[in-house]
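Hi,

Here is the structure I promised to pass on.

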Amino acid sequence: MISSGSARSRRTTNVSGPLSRGSGGVSPFRSFRFCIGITCGIIIFVYVCFVRQTLLNNPSTEQTKQSPELKSILKAKKDVRSVKVEVDEDWVILETSKGNIHIHLRPDLSPESVDYVRQLIQSKTCSPCKFYRSEKGGILQGIMKSETVPHNKVRAKCPHGEKPKNPDKCHGPIMTRGMVGWAGGGPGPNFFLDMYDSPADFWDNDHTVWGEVLPTDDASLETIEYIFDQPTKKEEGGDMSYLEEEIPFTINFMVNIS
């Protein structure tokens, strides 16, 4: 009978035998297979990396359609490429340190004035552009002009259907809250926003109107009210209120992103 110790000895000899030849060196055939295995592994790794990059760059392959992860990545890229940025020249934004004011242009009331405002924006040289007068609950007045853009010299025509007290001075509608027009009955470049609660019939139809702040635009109305709350001063002997610190603004077209 063979003892358990001898059995373990024989099993050990049987396991180690095939790995050694002669004086215990490594089999040349075994070494060759080992090198082949390493080489194949490297080739497979490189191929997998190449295929993955190809799938990322080629959304039309069948493999891409079957990979949720790649589909998600490619969809994100597609979404970015499909974003549309459109400039809306019917709207302008007065950007101030106190907030922004959106004005809907009214070429139907004064096409020449609207053209002037658009030229100011396109010139990128609106200077000075600032608010300087504030009559709380009444008007917010400013100026917009450029040395490179000729001043508007045309007052608007009397709108159809208006019945002015003085037809010779009819250049626009009776102004209502939110309307924007040139100051002093002139063609600019001083302008104002009418913020009276009631129609300003005391001005008759004297002012050229070229824009309006919509009554549903809460953000713009809040900005105007915030400017009204800024400190003002009166000139000696005068009754008009001027901002202690004038508020400059930049003027741009509204941009829609879809």
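Let's start with the charged side chains: K136, R177, D197, E225 and D229 are linked in a network of salt bridges. Keep in mind that this is a predicted model.

E225 is partly exposed, at 30% relative accessible area, while K136 is exposed, at 56%.

R177 and D197 also form a salt bridge (3.5 Å, N to O). R177 is in the loop between strand 4 and strand 5, and D197 in the loop between strand 6 and strand 7, 20 residues apart. Here R177 counts as partly exposed at 35% relative accessibility, and D197 as exposed at 68%.

The structure holds nine salt bridges. Another one of them joins D108 and R106 at 2.7 Å, N to O; D108 is exposed (54%), whereas R106 is buried (18%).

Back to helix 6, residues 218–228: S220, L221, T223, I224, I227 and F228 are buried there. Those residues span an arc of only 155 degrees around the axis, which means they lie on the same side of helix 6. They pack against several strands, including strand 1, strand 3 and strand 9.

Strand 1 has partners too. Eight bridges join strand 1 to strand 10, running antiparallel, and V87 has V255 as its bridge partner there. Six bridges join strand 1 to strand 2, also antiparallel, with a hairpin of two residues connecting them.

Cheers

Conventions. Residues are numbered from 1 along each chain as its sequence is written. This is a predicted model: local features need pLDDT of at least 70, side-chain atom pairs count only at pLDDT 80 or more; totals for chains, interfaces and linings use all residues. Side-chain values use heavy atoms; hydrogens and water are left out. Buried means under 20% relative accessible area, exposed over 50%, partly exposed in between (1.4 Å probe, protein chains only). Helices (H or I, at least four residues) and strands (E, at least two) are DSSP runs, numbered from the N terminus. The arc is that of the directions from the helix axis to the C-beta atoms. Contact means heavy atoms within 4.5 Å. Two strands pair if DSSP finds at least two bridges between them. A salt bridge is a side-chain nitrogen of Lys or Arg within 4 Å of a carboxyl oxygen of Asp or Glu.
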